[in-house]
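Q: Could we go through the charged and nonpolar surface features of this model together? I would like the criteria stated as we proceed.

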Amino acid sequence: MLKFDFNAIFVLINLILFYVLMRLFLFKPIKRTIEKRREMIQKQFDDAHRVSDQALELKQEYEQKVQNADEESVRIINEAKANAITEYDKIIDRAKDDADKLKENARKAVQEECDSVRRSVKEDIAALAMEAAQKVVAGNVNADTDSAIFDEFLKESSDKDES
């Protein structure tokens, strides 16, 4: 029949006691340690996600700034080109005006020189004509006649030059 042994009861009590002690002193601290590590790992994941999100925001902000800088540089270059073209046109217009003034001044100077040479030539021709007329008339001419012949000669020569 069944024999009941006290050793089996002690073994069973020892096992139950060992299980309770293990649970109190080993399983609970291990569970707490595992839970703390799980929380720490979750916190690290959360921090990593937060830092990753911040980095992504900074990257987008940087890309926006780069885009704005590119647009600004294109705007500045276009503005500089427009200013350069305007300045170029002003310089060309001033140069044309200066050239036109120089041409006009040169034309006036040439015209004045031509007029001066014509007057000088007329006077020389008139003097020669007077000498020739005096030789022809040889003494019949007085100062009034000389002056009238001289004026008539100048009038005729200026009429020929004007036409």
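Q: How many salt bridges does a search of the whole structure find?
A: The search finds nine salt bridges, a salt bridge being a side-chain nitrogen of Lys or Arg within 4 Å of a carboxyl oxygen of Asp or Glu. This is a predicted model, in which local features need pLDDT of at least 70 and side-chain atom pairs count only at pLDDT 80 or more, while totals for chains, interfaces and linings use all residues. Residues are numbered from 1 along each chain as its sequence is written, and side-chain values use heavy atoms, with hydrogens and water left out.

Q: Which residue forms a salt bridge with Glu35?
A: The partner of Glu35 is Arg38, and their closest N and O atoms are 3.0 Å apart. The two are three residues apart in helix H1 (residues 6-137), so about one helical turn separates them. Helices (H or I, at least four residues) and strands (E, at least two) are DSSP runs, numbered from the N terminus.

Q: Which residues are linked in a network of salt bridges?
A: Glu72, Arg75 and Glu79 are linked in such a network. Within it, the side chains of Arg75 and Glu72 meet at 2.4 Å, N to O. Both lie in helix H1, three residues apart, about one turn of the helix. Arg75 has 39% relative accessibility and counts as partly exposed; Glu72, at 35%, also counts as partly exposed.

Q: Why can such side chains pair at all?
A: Side chains of opposite charge can pair when their charged atoms come close.

Q: Changing topic: which residues form the negative surface patch?
A: Asp89, Asp93, Asp97, Asp98 and Asp100 form it. Patches are made of residues with over 30% relative accessible area and no salt bridge, like charges being joined within 9 Å and nonpolar side chains (Val, Leu, Ile, Met, Phe, Trp, Tyr) within 5 Å. Lys and Arg count as positive and Asp and Glu as negative, while His and the chain ends are not counted. The place of a charge is taken as NZ of Lys, CZ of Arg, CG of Asp or CD of Glu. Asp97 is found in helix H1 and is partly exposed at 44% relative accessibility.

Q: Which residues gather in the patch of positive charge?
A: Arg23, Lys28, Lys31, Arg32 and Lys36 gather there on the surface. Lys28 lies in helix H1 and is partly exposed, with a relative accessible area of 42%.

Q: What accessible area does the nonpolar patch have?
A: Its residues, among them Leu12, Tyr19, Phe25 and Ile34, have about 1,100 Å² together. Accessible areas come from the Shrake-Rupley method with a 1.4 Å probe; for residues, only the protein chains shown count as cover. Phe25 is in helix H1 and is exposed, at 63% relative accessible area.

Q: And the protein overall, how many helices and strands are there?
A: There are two helices and zero strands. Buried residues make up 4% of the 163 residues. The protein exposes about 14,700 Å², of which carbon and sulfur atoms supply 60%.

How values were computed: Buried < 20%, exposed > 50% of the residue type's maximum accessible area, 1.4 Å probe, protein only.
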